[in-house]
Amino acid sequence: EAHKPSNFLRQIIEKDLAEGTYAARRWGGSPGDAAHHASGQPDPAKVRLRFPPEPNGYLHVGHAKSICLNFGLARDYGGVCHLRFDDTNPEKEDTEYVDSIKDAVQWLGFDWKNNTSGAVETNLYQASDYFDFMYRAAEYLIDAGHAYVDEQSADEMRINRGDFGKPGTDSPFRSRTPAENLARFREMRDGQLLDGAAVLRAKIDMASPNINMRDPAIYRIRRAHHHNTGDKWCIYPMYTYAHPIEDALEQITHSICTLEFEDQRPFYDWLLDRLAEGGLIATPHPRQYEFARLNLTYVLTSKRKLAQLVNENRVNGWDDPRMPTIVGLRRRGYTPEAIQLFAERIGVTKSDSWIDYSTLEGCLRETLDGSAPRAMAVLDPVKLVLTNWDEVMGAGMLDDCSAPIHPHHPELGKREFKIGKEVWIDRSDYEETPPKGFFRLFPPHLNASKQAIAGSKVRLKYGHVIECTGAVKDAEGRIIEVQAKLLPDTKSGTPGADSVKVKGVITWVGVNDAVPAEVRLYERLFREAQPEGGGVDFLTNLNADSLKVMTAYVEPSLASGGAIEAKADDKFQFERHGYFVADRVDHAAGRPVFNLAVGLKDSWGK
Ligand code: ATP
Ligand code: MG
Ligand code: MG
């Protein structure tokens, strides 16, 4: 894949492929264990990666990076990527999350099913299916003198673990014989000990400079119902023990994880080396490689914290368009192409950094610009009356206007709408006393140096040139109507159109054919780039004004039967405003609802 920028993971994979590192892999375990594979014996020559989420919440943009990375590398190197539910932790899982994770992976454009070599592999796994093997592996470690049952209290264990620069102290249970350990471990399994009364620990090195190597716990007693294995087990493997075994059984080649697991790598290798010695797994065993997790400004990337926002009703569910979840981004108008482009653009590195949210937004703009149909919309409407319409055009007359669906794709055709005596314009397009550089609507007035300034001439986009004459206010001084004169023979696309030069062009929708629509304008969910910067509670930085709901008017071509009829999930560029999506949930033919996906320019904070 020459066109893709290289990175350290690509280099590792290319080297392993060139050297045939895994092509020579031999299965050491019992055939029953290899049969965890949908295809029985997997093709050893293939790159085999995995995406292993814990099904305890909805996936977020950080997971999207990991999905694009793992599935993308598998695709680029003719390999496969497994989707594995890491459900070794009882209590937390939910089928709602399992389904949403599958949806997210497929929506992003990837699949765990793979049939590159004729045989279809359905590489969908759940880690809890390996509990029997994990238990057998634990008995093997005990037998071989590599694990022991420790019955110190949790406090004693913590104190005896020592600290950085201070070696730990051996547990008094560390010198038990394999036979004693095995008997005790079976008692743990058989429910003869209370929760927390004992743990199985790997026997490695209590003086290791790496605290993770100081006899880490690998099994604990926990009387909890498991969604897959029910009440079969009252002991459960620890994540650090389970994960390398899951990788090994699935014959993963490159196990890619985030940097916080770097200190776990020695244990990963220690464990798999021991199991390989015992002939329990294939060799060479998988290797772990770490990359920097995605930190994105103005959002949180932690399922637990996102769950808190949902549970405390700070947002309207996991798919709230302000959420950095994949379902939230999707409802916001993000496309798989935009997220894939983002993942590629940020790349993979080995050092932690923050990616600016505008990078993600830029990817959305870039991918929508070439395809999204254009439409006019007035988000904060005020009426504009063309006071000379009846004389110039005739009382009650409407004039036909048209615009390209996409300015660079004439083949897509045109949108049609009408202009009449009254049109809706955006309130912000009129200023009684215009600031410098304001080229939209303003009436005749005296400027700061008491010079008489004429009313502005602007073009109603795709329509006529008008000259502003004034406005009508209500008793509170609020503008309820803007007034202007139509300049005859200036209509867009007609011979005299350019006879009057204008500095401003504004968008509008005819009062007679406007379609009312709910428009939801979103701002960032947090006011600070790093919502937890300085160690504060992220709730203190929640942006209270992150949602504004407008009753807008949109052009009739978006309505049923129109040239660009809006259906749920369709994206549009509302000219001068930004990209909008018809809400996946609430949009209906007779009740249009549009969400702001992203503005036209990066204007945040300006
Ligand atoms: P969370 O803390 O949000 O629950 P997690 O890492 O515990 O995240 P898992 O479901 O265990 O979530 O993660 C599945 C995969 O997604 C892991 O391999 C992990 O490395 C990756 N991942 C999670 N968060 C990020 C992130 N911010 N950037 C890149 N990859 C991530
Ligand atoms: Mg996790
Ligand atoms: Mg986590």
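Select the loop between H9 and S11: Pro284 lies there. Helices (H or I, at least four residues) and strands (E, at least two) are DSSP runs, numbered from the N terminus. The bond between Thr283 and Pro284 is a cis peptide, with omega about -5°. The model is predicted: local features need pLDDT of at least 70, side-chain atom pairs count only at pLDDT 80 or more, and totals for chains, interfaces and linings use all residues. Residues are numbered from 1 along each chain as its sequence is written, while chains are lettered from A and ligands numbered from 1 in the order in which they are written.

Next, show S10 (residues 254-258), H9 (residues 265-277) and S11 (residues 287-291). S10, H9 and S11 form a right-handed β-α-β unit; right-handed means that, with the strands pointing away from the viewer, the path from the first strand over the helix to the second runs clockwise. S10 and S11 run parallel and are joined by five bridges. Two strands count as paired if DSSP finds at least two bridges between them. Pick Ile256 to find its bridge partner in S11, Tyr289. Four of the five residues of S10 are buried. A residue is buried if 20 or more other C-beta atoms lie within 10 Å of its own, exposed if 12 or fewer, and partly exposed in between, with C-beta atoms placed from the backbone.

Two residues with positive phi come next. Most residues other than glycine have a negative phi. Asp215, in the loop between strand S7 (199-202) and strand S8 (217-221), has phi near 50°. Asn313, in the loop between helix H10 (303-311) and helix H11 (326-332), has phi near 55°. Which of them is buried and which exposed? Asp215 is buried, with 24 other C-beta atoms within 10 Å, whereas Asn313 is exposed, with 8.

Select helix H13 (residues 357-369). Its 13 residues reach 19 Å from the first C-alpha to the last, close to the expected 18 Å; the expected span is 1.5 Å times one less than the number of residues. Among the buried residues of H13 are Leu360, Glu361, Cys363 and Arg365. The buried residues of H13 pack against strand S12 (295-296), helix H12 (336-346), strand S29 (571-574), strand S30 (578-582) and strand S31 (593-599). Contact here means C-beta atoms, placed from the backbone, within 7 Å.

S15 pairs with strand S28 (residues 547-554) in the antiparallel sense over two bridges, and Val378 stands opposite Tyr553 in S28.

Another open sheet of seven strands, also with mixed pairing, has the order S25-S22-S23-S24-S16-S19-S26. Strand S25 (504-506) and strand S26 (509-510) are at its edges with a single partner strand each, so one side of each has no neighbour in the sheet. Further in, strand S23 (residues 465-473) and strand S24 (residues 479-486) pair in the antiparallel sense over seven bridges. Ile466 has Leu486 in S24 as its bridge partner.

Finally, colour by domain. The assignment, automatic or from a database, gives domain 1 (8-127 + 240-291), domain 2 (132-238) and domain 3 (380-513). The C-alpha centres of domain 2 and domain 3 lie 77 Å apart.

Key: Two residues are in contact if their C-beta atoms, placed from the backbone, lie within 7 Å.
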